[in-house]
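Reader: I am new to this structure. Can we go through it one feature at a time?
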Amino acid sequence: MLHGRAGEQADIERILAQARTGRSGTLVIRGPAGIGKSALLDYAAGQAAGMRVLRGAGVESEATLPFAALHLLLRPGLDRIHALPDAQANALSGALGLGDLAPESRFLVGLATLSLLSEIAGDGALLCLIDDAQWFDQASLDSLVFAARRLEAEGIVMIFAARPGGHAAGLPELRLGGLDDTAAAALLPADLPPQVRERLIEESDGNPLALIELPAALTAEQRAGRLSPVGAMPVADRVQEAFQAQIAALAEPARTALLIAAADGSGELQTLVGAGASLPGLEAAERGRLIEIRGTVVGFRHPLIRAAAYQSAPVTRRLAVHRALADALTRSAATDAADRRAWHLAAAALGPDEDVARELEQTAERARTRGGHAAIAVAYERAAELAADPVRRSARLAAAALAASDAGLIARAAALADSATPDLDDPDMIAALIQVRAHREFELGTPHAAARIILDNVPRVAVHSVERATWLLVEAIRCSWFAGDRRLAQEAATSLGALPEIGSPLISAALGLTRLLNGDIGGGITSMGEAVDADARAGLGVPGRTFAASLCLPLGRPDLAEQITAGVVADCQHSGMIGWLAFALEDHGLAQGLLCRYGEATASLNAGLRLATDLGHEHRVSHLTCVLAWVLAHQGDVQGCRERAEEGLAGADNRGLAPAAAIGRWALGLLELGLGRPDAALEQLAAIPPTGIAVLAAADQVEAAIRSGRPERAKEPLARYLAWARHVRQPSSDAIALRCRALVDEDETHFAHAVHLHGEGAQPYEQARTQLAYGEWLRRARRRAAARAQLRGALEIFDRLGAQLWAERARAELRATGDVPAAPRTAGDPLSVLTPQERHVVRLAAGGASNRDIAAQLFLSPRTVGYHLYKAFPKLGITSRAQLAAIAGSS
C-alpha cells in the first residue's frame, strides 16, 4: 500500500488505461533519493495486468559503458530484432555488441529502439519501467528519450524514474515531494512515543525511505524519547547514515562482501566471489535486507545502501577492492570485461599511469565501435588525467572534446578543449580543438565569434597541413555568412587565397559567398554556380551536397535545391546521419516552399524542428522556426506565422544569425503585405540584413514601397533584384523582375511579358502575384474585362495553393470589377483536409512505401504510421490503400 500518493497512482492508472486502447504515454517521475519513485514503478508494474512489462535500472558504475543499460532493458525482446529494417537492426545490434557494424548515429539506434518496442508490444500493450535514469549511460538514455518523444499510437507506456536534473528532459514530468504529516505518520512504528514520531516526521521532510529507515537506526534511549538535535543535513545523507549504522553492525566478511559489490556495480556473482566476496558474507548481508540475490545476480535494495557501503570503507580498502576486481575481470569471459577492468584500474590509480591510460584509450575506441560518443569522451578524459606527458594529455583531451561534441555535449566539449595545452603538433588534434571551440560558439554564442576563433588559430594548422587549414577557412566563411559579416568573410577569403590551391568546387563556392556578401553579385553567382554543377557534386558526401544545396537558393534554383536535398534526406535517413538531416530538411523545406508545395514544406520543416530540438542545436531551431513562419505566411496563417516568426527572430537576433533573421523578417513582411498593410510590410522588409535572402525578398520590398506611396524607397531593392535576376537568368526571377519594373514604371508591357515568362517557370504563387498586380492595374485603368481575366487566373492559383490572404485580395478585386468570384475552395488539393503528418504519410504510402519503410523515413513506429493512415482514409473518402495513388497524384 502506498501512503499519500493517490494522485500519482491515478496518473499512472490513466496512462495504462490509455495504452490498452492503443494510445501511448510517457512519464518522468522525478524526485530526490528515497522519495518513493521506485515504489511508484512497482505500483505501475502491479497495475499492468495483461500488458507486457520491461524493466531496467541504471547502475552508477556502468554509466560509462555505452548502451549497457539499453541492453539490459531490451534483453527479453532481442529475439525480435530480426524483424526490424536492416539499417535499424544493424545499428541496434552493433550498439548492443551483438553485431560487427558500428551504428553511424545514436539516433538511428533510438529509432531502432522505438521499432523494437513496437514489435515487442505486438497487438497488445507494453510497459517500460526505467529506474534510476540518472545513472543510465548517455547513449542508452539518448535512445530511450528519442523513442519516448515519438510514441503515438503503439500502446506503449514508458515511465522513467530520475533524480532532479536534466535526465530525460523534455518529457511529461511528475515531481514527487515529501508526504504530508498524516501519510508520513502511517509509515512509522506504532510504538514510538508521540514526541519521537513528531521529530522523525519533521526531520524526514516527508521522505518515505527516511521514515522507514531512520527508526531502525535509533538507539534504545532515542526510541524512548531522548533525542539530541540533528544537524542540518539533506534527507539522503541522514538515510545513508542509517544504512552505515546497519552495515557497521555486520561481521567483517559481510562488510567486505558489501564493499566489493558496491565497488563492482554489475552484480555478477562470479566476479564478486573472484574478487574475494565470500558467499556466507553475502548471505549475511541479504539476511540484513541490504542486498537481494536472484540467481547469479546481486543487487542492492536501494542505491543509497550501495553508496553507504562504499563511502564508509577506508580509502585503502576501496583501492584494494578495485585492484581485486580488475584482477577478477582479467579471467572473465564477459564481453565488457576489458572495459570494466580498465575502469577499476583507473579507480585504483594513485597518480599518472601510462599503462592504465592506454587501456582506457582502448576502452574509448571500443566504445566508438558501438557509437557511444559520451562514453568515448569520459574514457579519454580519464586517460588524460592519468597521462604524465603533457602532449599526450592534450591529445587525449582533444579526442575527448571531439567525442563530446559528437555526442551533442557542446558545453562539456568546449570545457575539455579549453583544458588542453597549446603544445600539440598533430594537425588533426589541433584542428579538432579549433572545430570544437568554434562549434561551441556557433551553437551557444554567435557565428561571428566562431569565425573569429578559426581565423585566430588556423595559422597553427597551416604549418602542418594545408588541407586542414583550407577546410577550416571554408568553415570560417560559412560562419561569416551566417553572421552577415562582410569584413570577417573577406579576411577568411584572403587567408584562403594565400594557401596553395587544393582544388575543390566548394572552395570556389565559399569564395562566391564572400563576393555576394560584398555586393559582387555577378562574381558570387559565377563562383557558386560551378559548385552546384552535377559533375562538381559527383563524389561529394552528405556535408558537401548539403552545402551545394544551400547555394542553389541564391542561384535562383529551388528546383535543383529540392532535387539535391531529397537525395541528402534519403541518404541521412538510411545511414542515420541525423545531425546533417536537420540541415537537409531545412533546405528541403525552403525549396519546397519556393516551389509552392506548402504542405510538404511544413511536414519537412516540422520534422527538422523535432530533430534539431532533440539534438539541442539551438541555432538550427531558430532557422527552422523562421522558415516555417515564412511558409505559414504564404498560407495566410496569421497567428501561426506571427508566433513562429517572433520565436525564431528572438533566437536569431540574440545569436547573430543573419540568414535566419532575414527569413523571419521576410515572413512578417510578406504576411503584412498579404494583410494589405504595406507600411508595416516595408518596415519589416527594409530591416532584413544583407544576405542572399535580402535579394530574394527585394521584390516584396519593392511592392511594399509602391503600395505605401513611397516609390523612392523602391529604387535600391529594385536595383538589387534586377542585378541578381540578370545574373541568374531563370524564367521565374526574370518574370518577377519585370513585375517589379511594371509596378515602379506602371508599364503594361512589363506586366504582359512577366505573365508570359511565368508560364516557363515553376513558381505558381509568384505567377498569381503578378496576375493580381496586373489585374489591379487594369482595373484602375478601367479595363474591367481584361482585369477579370488576370484576376480569375490569380484567384484560381491562390485557391489551389491555399494562399488564403492573397485569394481574398483577388476576390475583392474581382468584386470591384463587377464580377462575382467563386467561394473559397481547396478542390485542387484533396490532401488539404489532412494534418501535415498525415499528408506526409499518405504521399509516401501512395508511392508504394510500406508502413515499415515510412516509419523508417519519418522516425515513427510502424503502428503510428498505420494510425495516421487509419485517420486519413475517412477524411479522403477512401477505404483502401490502392485508392491513395490517384488522390495524392491529383494534389
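Reader: How many cavities of 30 Å³ or more does a search of the whole structure find?

Author: The general idea comes first. Rolling a probe the size of a water molecule over the atoms shows where empty space is left. Now the case here, in a predicted model. The search finds three cavities of 30 Å³ or more.

Reader: How much space lies in the largest cavity?

Author: About 280 Å³.

Reader: Which residues that line the largest cavity are the closest to its centre?

Author: Leu-594, Leu-696, Ile-736, Gln-763 and Glu-766. The lining has 25 residues.

Reader: Which elements give two or more residues to that lining?

Author: Helices H31, H33, H35, H38, H39, H40 and H42. H40 gives the largest share, four residues.

Reader: How do the residues of the lining divide into nonpolar, polar and charged?

Author: There are 14 nonpolar residues, seven polar and four charged.

Reader: Let us turn to a single residue. Where does Glu-119 lie?

Author: Look at helix H5, residues 106–121. Glu-119 is part of that helix.

Reader: Is Glu-119 buried or exposed?

Author: Check the relative accessible area against the cut-off. Buried means under 20%. Glu-119 has 17%, so it is buried.

Reader: Which residues does Glu-119 touch, not counting those up to four places away in sequence?

Author: Arg-80, Ala-83, Leu-84 and Arg-852.

Reader: With which side chain does the side chain of Glu-119 make a polar contact?

Author: With that of Arg-852, at 3.2 Å. Arg-852 is also one of the residues that Glu-119 touches.

Note on methods. Residues numbered from 1 in each chain as written. Predicted model: local features only at pLDDT ≥ 70, side-chain atom pairs only at ≥ 80, totals over all residues. Heavy atoms only, no water. Buried < 20%, exposed > 50% of the residue type's maximum accessible area, 1.4 Å probe, protein only. Polar contact = N/O pair within 3.5 Å; in protein donor to acceptor, adjacent residues only side chain to side chain. Contact = heavy atoms within 4.5 Å. 1 Å grid on protein atoms, 1.4 Å probe; cavity = no way out; pocket = protein on both sides within 12 Å on 5 of 7 lines; lining within 4 Å. Points joined across faces, edges and corners; volume = space filled by probe spheres on them. Nonpolar A, V, L, I, M, F, W, Y, C, P; charged D, E, K, R; others polar.
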